[in-house]
Amino acid sequence: MYNLPVMVNISRPTAAVIGATGYTGQELVRLLGAHPRLRLGFATSESETGQRVPGAALRYVDVAAVPLDAVDVVFTCLPHGEAETWSVRARQAGARVVDLSSDLRAGAHGAVYGVPELWRDCIREQPLVANPGCYPTGILLSLAPLLRAGQVDTNQPIMIDAASGVTGAGRGAKRDLLFGEVAEDYRAYGVGNAHRHVPEIASGLARIVAGAAPPFVFTPHLLPVRRGILETMYIPVEAGFDAGAARQILSEAYAAEPYVEVFDEGLPALRDAVGRNVVCVGFADVAGVGGRTLLCVAAFDNLLKGAAGQALQNANLMLGLPETDGIPA
């Protein structure tokens, strides 16, 4: 852990977005443009250096030109494997850092894992936070209250089918993400618990139960839509536990949380969550299996609650600002 001073301009802290032309970086720039207490001072891009930043009175600069010692919070939105270097440099310069890649999620350099609704007190005023991955965000928020209530049968695996829009794969040119490859198709990938988010999901679940993670099978799919994630979870539960009881547990757990919506009836769809910084959760009973399986569906925007919106929640907490500042509900 770095023991360095963190410089915060009390009047209006300054933010820098490193990697501002990716989908997540663009979303952060947009949110910061409407933030009442945090101003965007720098936005970096290798490919668009010198061009105007849409919606801001700025031009993109090369990352090396950012005076990190004059910035209060840095958002690193670089590809996995590249973000760690700049997160460390920004932290050494005295800035707080929210890293949106997977580089620090295992706790490298003392980074705190940032799901505000679950571990808010651990994030508050911390200097270095690893923003969660999109898929793990919905899974952890949906399962945490049930696991903490002891209603999940951990002798059986939780089955998780998750489908994401193509922006979840980033903005880089990839043949398998061309319109002609994605349109009118729907496919699984990273199967057999081989997806890079599996260790993160396991770590989060283990932290929730304060022990070994319950077994699970995670299968991601690619949706032929631009943005949004829909996660369908088949949860083995204790005898007699049903959808109504699950809704009550989550409603009580998240009663004061503006960014988790528990449906009183029915299941959420992408249209309920896209464009909003919210995870929508619904439950249904499953017939024909002896009442021991519960269906849970979570819908959320991969670029907001799954990335930029949650990152801004974390930054607000780190800077001592109201957590909801600049974030659409």
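Visitor: In this predicted model, is Trp119 buried or exposed?

Guide: The relative accessible area of Trp119 is 8%, and the cut-off for a buried residue is under 20%. Trp119 therefore counts as buried.

Visitor: How is the aromatic pair of Tyr113 and Trp119 classed?

Guide: The ring centres of Tyr113 and Trp119 are 6.2 Å apart, with 55 degrees between the planes. Planes under 30 degrees apart would count as stacked and those over 60 as edge-to-face, so the pair of Tyr113 and Trp119 falls into the remaining class, which is tilted.

Visitor: Which class applies to the rings of Tyr135 and Phe218?

Guide: Tyr135 belongs to helix 4 (residues 134-148) and Phe218 to strand 9 (residues 216-222), so their pair ties together parts that are 83 residues apart in sequence. Tyr135 is buried at a relative accessible area of 2%, and Phe218 is buried at 0%. Their ring centres lie 5.2 Å apart and their planes stand at 70 degrees, so the pair is edge-to-face.

Visitor: Which residue has its charged end over the ring of Trp119?

Guide: A charge sits over a ring if, among other conditions, it is within 6 Å of the ring centre. Over Trp119, the distance from the ring centre to the charged end is 4.1 Å, and the residue is Arg207.

Notes
Residues numbered from 1 in each chain as written. Predicted model: local features only at pLDDT ≥ 70, side-chain atom pairs only at ≥ 80, totals over all residues. Heavy atoms only, no water. Phe/Tyr/Trp six-rings, centres within 6.5 Å; stacked < 30°, edge-to-face > 60°. Buried < 20%, exposed > 50% of the residue type's maximum accessible area, 1.4 Å probe, protein only. Helix = DSSP H or I, 4+ residues; strand = E, 2+ residues; numbered from the N terminus. Lys NZ or Arg CZ within 6 Å of the ring centre and 35° of its normal.
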